[in-house]
Every structure is written in C-alpha cells, then in structure tokens.
Amino acid sequence: MSDPTSSFKVEYAKSDRSKCKSCHSTIAKDNFRFAIMVQSSNFDGKVPTWYHTDCFFQKVKLIDVKIIKGFDYLRWEDQDKIRDLIQQNSTKLSNENDPDETFTVEYAKSNRSRCHGCDSSIDKDTLRLSRKNFTSRRARRYGPVDEWYHVDCFNQMKTDLAFVGTAESFSGFADLNNGDQKELRDKFGTSTTSKRKRRGAQRNDDSTKAKQAKVDETDDSEDTRGRKEQCELLWNYKDNLRNDVPNHILKELLEFNGQKIISGESNLIDAVTDCMAFGALEPCSDCTGLLVFNYTNYRCTGNLTEWTKCSYSTQLPKRKPFEIPDHIKEKYSIFENYKYTKQDRILTQIAKKLPLKNEIQEPNYDSKIPLNGYSIGLVGRLSKKPSTLEKRIKQLGGTVVHNLDKQTMDVIISTQDEINKGTMKIQYAQKYDIHIVPEEFLDEVQNDRPSIVMDKIKISSWGVLPHIRKQRKRIKKQSSTTSKSFGFTAEKVTMKLKDGAAVDPDSETCHVLKNRETGDLYTAVLGMVDITRGTNSYYKIQLLENDNGKPWFLFRA
C-alpha cells in the first residue's frame, strides 16, 4: 500500500522496536514517528527510515501537511500539534532574510547536470537552482548533495521543496548579473517589494487582502469542520473496534460484505472503519477486482492479465450499505445501534512530483492501426510469404525492419523451429530481450494492446517490452553519466559455472547442491513483471554446498 508520490510519512509507532535514524534511540509505541521514504536496495519500491518528531524537523523543512502521507490518519488533536510545528517552522523560514545554504543559485559549469524535475539536461552557463539533499545514501556518506533544477521547474515544485523565501534567499544570488537577478525576483518575489509600494497602493492592497481572507477563512472553516467531524467519527469506530472486536470477527465482516481481506490488525481495523463510515466498496469496474483504501484514493488490487496489474483508482468509489450479521450484532455492543449513512470520504491530495518530460511511453492503442509506432522483423521460414506479411504489417500501422537493430527492433515474428535452431538472429534477439512471437500476433493485436499480446503468446522464454527496454537504456546512460561525474563506475561480476549451475564469484568454494536421485539442482529464479509500473524484477535463491562436502549455505540475490 505504498504511495510512490510522497517522500514523507507519519504514523503512530506500532511497537517499540523501531529506532530513530538520527539519534538511534528507540521510538516508543503509540508515539509519532515520521519517515523519509528511500529507495529499497532489495526490491522495486520505497521503504521508510523512521525519526522522532524533533529529529525529523531538524532534517526536513516542511511548510505543508499535504506533503506528509498518513497525516489524515492521525487523531485531530495530534494533527493540530503537527500543524503548529509546521507553522512555527514556516514562520521561522519566512522571517529569515539571509541567504539559506539549503537553496543555491549559480550558472551551470557544464552540461552534465540534470534537472530533478523534468529529467532533462541543464545547458552550460544557464541558471540552475539547487536544494541540498541531506538524507540520501550519498549525502550521508559524503555530505549534503546538490539536486539541481531548471528555474521554471523549481518554481513549479517550490511547495514540495519547502521553499518559502524570496529571490534573495538563494545562496549565490548576489553573484548573478542584473538581468538574471531581475528574472528571479519576478518569479520568487523580493524582500524589498513592500518597501517600494506607495502608501495609497499599500492601503488598497491590504483592504483587498482582508476581504479575500474573510472569504478564504469561511471556506477553510467549512472544510476544517467537515474534516474534524470525519476524523472524530473514524477514530470513535477505530477505538471501539480495537478494544472490543477480535481480528477473526473483523475478517468475517469484510468477507461477508465482499471486501478485500488485508493482513495486520491495524489494516483490518482501518478497512472495517472505512466500510462502517462510508459503506462497503463495490468491485472494480475494469477487472472486477477488489478495492482498498490507499491514503489519497481507492485503488484496485486485481490483475488485467497475468503480467499486468489493474491501475484503476478513484476518490469516489461506488458503494453499497455495510451489512452486519445478526449474531455479531447481538454479541458486540458497537454494532447494536449501527445504521449505515451514505456519505463520501474527504480526502487530501498528496502533492505530486512533475512527470518526466523524456519518459518513454507505450504507443497509444488504436484497433484500426494497432501496430502504429512498432517496428517488426521477420525471421526464418514462415507459413506466409514475406511480402504478404509485410503488407499486412503496414496495413496495421507497423514498420517492417529488415536489419536487426536493438535500437529500432521492437518485436520479431518467427517460429519455434527457428528458435530451436538457435541461429545468429535468434541469439541476437535473446541477448537484447526482444520478444519472438508467432504469426498469430498480427491477428491478436486487433483485439488487445500489442504489449499484452506479446507477453501472452510469445514463443521465446525471454522478452522485455520495447518501451521498457528503451527507457532502461536511457536510465542506464544517465546513471553512467552520473557515476562518472562522482568518480565511480558500476562493478561487473563474472559468474562461475560449476556442475551445470552459475555460482556467484563470492561463493567460489561452493557449488549448487544437486539431488542425487533425480539430478535436479536446488536453485530457483523468481520473476515479477508489472507492465503498468515498468518493472521486471528477479529474485534468485540457491542451496549451496561446500566443495569439501561439509557445510551448507543459502544464497540469495
């Protein structure tokens, strides 16, 4: 249930086992614990690094609660405490006129730096703005790291970046020429603007702001009142369920109403609370999968195909009355007077990062020209003449490629016999993970997306979708550039082949254990492909035996 769009998280500590990443002391159970979400080294996702409240605000300068995932899950009085902390932090930052070393402006020294907002390069000698990163792995090892942005990208993301200053707040502002200083003042304001206003203009401006403030205050008070009532209702249900109702009854209630059974006591309580307050969730309209609440929306947990998870999400799901069996009503007092009332849940929209301008997307699907944007190669002897197949491909909007090229070749049409022969072209396709599909591919794409059809009917044991392959190449190129600029390169590992199985070089004194009766090797490679997220992860596990036959080891990668 992780949310990739938010970098921060808050919750009540579920136990006293977690430790603060800053002071390394224990975080007491039921106390606040704030998290900075960081990329996991073990899987495609982010994991939390936990902090005490004071330790967190020493590291992070927040000015908006909407950036914090899970904030609306807290009790209302605790939300007020955090709002006060952020308000104090915001006031402190606003009153600081001296340049803040966290934010820097300068002229790009080369064209090697990339914008963290749009992911495109920043040209040499153009203005670039920086926010220092104090929490990344590289920052913890080498000190604060500058994350550079184009001026416009930084301006769009300044709320997410916790920037509340003016143009003069950037370190290095005084070193810019007059034209660039004026540009920054126009975009970010200046601390001297108010002094230059005439008295009459100032008076009119204050009057306008006062009127606007009254309107905003009315709107905010109505919204705040609704959120407070909702928060108190949810926590009233949560407290009663936690004190009186065991987990197996919570699961029975969810199953009785056709809801997703979620593991973990707190998750079960949250799911039943949501159903009691707002109604049971109807299945997904796209795949009939079950919906679950995910901080800012309700997302589907079903699958469209074997390789594709359903990406459906909504803030206003269809609901039905939450029903409680009679035997549960009679036994637990919380359900005796319960009556379903139809209402919508008030949700907070987490601030999202700008989409990548250069991200490679899958071509748009059109059933009339489904192969538009795809390059197809023909390999081996096929049932139809090459000229006939080429004509058909062009009619479907595709392009025929005669020379194998990993840059342009998206998919290959061939036969199982050709794969068994292992010709040079087949080996080339395997090397670069190009799908090999039968001729039926041309018929199937008229009924479904080519990406789904490729994985569905491929006759090769390999294959990565074309747009994912191209994106990986771009990311690899960017990573290579970044690595060179920091003075390190990725390490290459050469696997060793022992008794028919590849062994990591660190396990040079071991070999993969073999079943003496069947000859099977105790090794397995698990894969997880998610087309919608663009992930293709692998997990390898081996049972190793020392070459002298004594100890055994479990190897994971």
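Student: What is the order of the strands in the open sheet of 3 strands, and is the pairing parallel or antiparallel?

Tutor: First, a word on the source: this is a predicted model, in which local features need pLDDT of at least 70 and side-chain atom pairs count only at pLDDT 80 or more, while totals for chains, interfaces and linings use all residues. Residues are numbered from 1 along each chain as its sequence is written, and side-chain values use heavy atoms, with hydrogens and water left out.
In general, strands of a sheet pair through backbone hydrogen bonds, either parallel or antiparallel. Here the order is β10-β11-β12, and the pairing is antiparallel. Strands (E, at least two residues) and helices (H or I, at least four) are DSSP runs, numbered from the N terminus; two strands pair if DSSP finds at least two bridges between them.

Student: Which strands are the edge strands of this sheet?

Tutor: They are β10 (291–293) and β12 (313–314), each of which pairs on one side only. Strand β11 (residues 298–300) is joined to β12 by 2 bridges in the antiparallel sense, and Arg-299 has Ser-313 in β12 as its bridge partner.

Student: What is the strand order in the open sheet of 4 strands?

Tutor: That order is β15-β14-β16-β17, with parallel pairing. Its edge strands are β15 (399–400) and β17 (435–437). Strands β14 (residues 375–378) and β16 (residues 411–413) run parallel and are joined by 3 bridges; Gly-377 has Ile-412 of β16 as its bridge partner.

Student: At what angle do helices α8 and α9 pack?

Tutor: Two packed helices are described by the angle between their axes and the distance between the axes. Axes are lines fitted to C-alpha atoms, for helices over the stretch in contact, and angles run from 0 to 180 degrees between N-to-C directions. Helix α8 (residues 247–256) and helix α9 (residues 265–278) pack at about 45 degrees, with axes 10 Å apart.

Student: Which residues of α8 make the contact?

Tutor: Asn-247, Leu-250, Lys-251, Leu-253 and Leu-254 of α8 do so, where contact means heavy atoms within 4.5 Å. Their partners in α9 include Leu-268 and Val-272.
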